[in-house]
Amino acid sequence: MKKTINKKVYNTDTATAVKTNTVSYFGDPAGYEETLYKTKKGDFFVYGVGGAESKYPEETIVAITADEAENF
């Protein structure tokens with residue numbers, strides 16, 4: 001997935017996956033999976049996808065700070 005936020009491009013195909021968190025089980029409407037990525041320029045973002053009742057009801061990318069990435 002690719003998304004531009006504040007003129008920066010975040011792309012799951014070109015960034016490096018650092019860590020993945022899975023909440024609940026596949027098929028749970030409240031379950032989701034989020035993956036922390038680091039870009040070649042050192043920026044961090046989270047790619048999230050989940051069920052209709054989850055934190056990520058639609059596939060999305062969220063830019064985060066280095067401090068937020070450290071706490072991920």
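In the protein chain, 29% of the contacts (heavy atoms within 4.5 Å) between residues at least 6 apart in sequence join residues at least 24 apart. The model is predicted: local features need pLDDT of at least 70, side-chain atom pairs count only at pLDDT 80 or more, and totals for chains, interfaces and linings use all residues. Residues are numbered from 1 along each chain as its sequence is written, and side-chain values use heavy atoms, with hydrogens and water left out.

**Secondary structure**
- The protein chain holds 1 helix and 6 strands, taken as DSSP runs numbered from the N terminus (helices: H or I, at least four residues; strands: E, at least two).
- Along the sequence, these elements follow the pattern β-β-β-β-β-β-α.

**Sheet**
- An open sheet of 4 strands is ordered β3-β4-β5-β6 with antiparallel pairing, where pairing requires at least two DSSP bridges between two strands.
- Its edge strands, β3 (16–23) and β6 (60–64), each pair on one side only.
- From one strand to the next, the twist averages 20°, an angle between N-to-C directions of lines fitted to C-alpha atoms, on a scale from 0 to 180 degrees.
- Strands β4 (residues 32–38) and β5 (residues 44–50) run antiparallel and are joined by 7 bridges.
- Tyrosine 32 has glycine 50, in β5, as its bridge partner.

**Overall dimensions and surface**
- The C-alpha trace spans about 35 × 20 × 20 Å along its principal axes.
- Of the 72 residues, 35% count as buried, meaning under 20% relative accessible area with a 1.4 Å probe, protein chains only.
- The accessible surface (Shrake-Rupley method, 1.4 Å probe) comes to about 4,900 Å², of which 48% belongs to carbon and sulfur atoms.

How values were computed
Buried < 20%, exposed > 50% of the residue type's maximum accessible area, 1.4 Å probe, protein only.
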